[in-house]
Amino acid sequence: MARGCLCCLKYMMFLFNLIFWLCGCGLLGVGIWLSVSQGNFATFSPSFPSLSAANLVIAIGTVIMVTGFLGCLGAIKENKCLLLSFFIVLLIILLAELILVILFFVYMDKVSESAKKDLKEGMKLYNSENNIGLKNAWNIIQAEMKCCGVNDYTDWYPVLGENIVPDRCCMENSQDCGRNSTESVWRTGCYEKVMSWFDDNKHVLGSIGMCILIMQILGMAFSMTLFQQIHRTGKKYDA
């Protein structure tokens, strides 16, 4: 009976972590693809040049892939050391997420002001030759979100010149439409638009966050239960 429970737990955890590992592989692949796709998804922040969408996806994918691999191997080999390592890694990730969320809400105003300031600093690099990725990123978000600048379209004036904004700020995009144009450009800043998007989709984002939390807790529960079952049956493996 105990052996049957052990096998059931083992294969449930293996399947759970196999899906986890495959998701990590997928994210890693997407991140690598973004990284080599002509720099379209660069960072907006000059203070954190490595904090690009591609690098973030690669980092998240790598963590998920390694964690899933630990869980898969620990389950199929019934290795207590690997199972315990998997549990500890998930616990550290969970605690880090909780700390980051708490700090974000506690210092939300400061984070918001710092982000705006940093984004404006990044705008100064818009026309620099070595930052084509940043330029593409601004063009994409302004076209997709129908916004202009950080707070509003006038944020571009110190960068590009008086009454000049990027063409992607125009309501009807055309060559040089952003020159001497004050009427036909998007008035709302991109920061406000992005915050509005988060607010409009907070229920979806909250649901995704809850799913991730549940998956982490289930992973920890499976690993510790399997660990205890192996310990009770007296099956021991060297690390």
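Modeller: What follows goes through the labels one by one, and please keep in mind that this is a predicted model.

Colleague: What makes the contact between Lys120 and Asp155 a salt bridge?

Modeller: The distance from N to O between their side chains is 3.9 Å, and because the rule asks for a Lys or Arg nitrogen within 4 Å of a carboxyl oxygen of Asp or Glu, the pair qualifies as a salt bridge. Lys120 belongs to helix 4 (residues 108–123), whereas Asp155 sits in the loop between helix 5 (132–145) and helix 6 (157–160), so the pair ties together parts that are 35 residues apart in sequence.

Colleague: How many salt bridges does the rule give, and which residue does Lys124 pair with?

Modeller: The count comes to three salt bridges; one of them joins the side chains of Lys124 and Glu121, at 3.2 Å from N to O. Lys124 has a relative accessibility of 56% and is therefore exposed, since exposed means over 50%, while Glu121, at 36%, counts as partly exposed. Lys202 also forms a salt bridge, with Asp199, the closest N and O atoms being 3.6 Å apart.

Colleague: How do you know whether helix 2 and helix 3 are roughly parallel or roughly antiparallel?

Modeller: Helix 2 (residues 53–77) and helix 3 (residues 80–106) pack at an angle of about 150°, their axes lying 8 Å apart. Because angles over 145 degrees count as roughly antiparallel, that is the label for helix 2 and helix 3. The contact involves several residues, among them Val63, Leu70 and Leu73 of helix 2 and Phe86, Leu90 and Ile93 of helix 3, and the residues of this contact divide into 10 nonpolar, three polar and no charged.

Colleague: And what makes Leu213 partly exposed?

Modeller: Leu213, which is placed in helix 8 (residues 202–233), has a relative accessibility of 27%, and because that label applies between 20% and 50%, Leu213 counts as partly exposed. Leu213 and Glu97 are 116 residues apart in sequence, yet 9.5 Å apart in space, C-alpha to C-alpha.

Terms used: Residues numbered from 1 in each chain as written. Predicted model: local features only at pLDDT ≥ 70, side-chain atom pairs only at ≥ 80, totals over all residues. Heavy atoms only, no water. Helix = DSSP H or I, 4+ residues; strand = E, 2+ residues; numbered from the N terminus. Buried < 20%, exposed > 50% of the residue type's maximum accessible area, 1.4 Å probe, protein only. Axes fitted to C-alpha atoms, helices over the stretch in contact; angles between N-to-C directions. Parallel < 35°, antiparallel > 145°, perpendicular 65-115°, else oblique. Contact = heavy atoms within 4.5 Å. Nonpolar A, V, L, I, M, F, W, Y, C, P; charged D, E, K, R; others polar.
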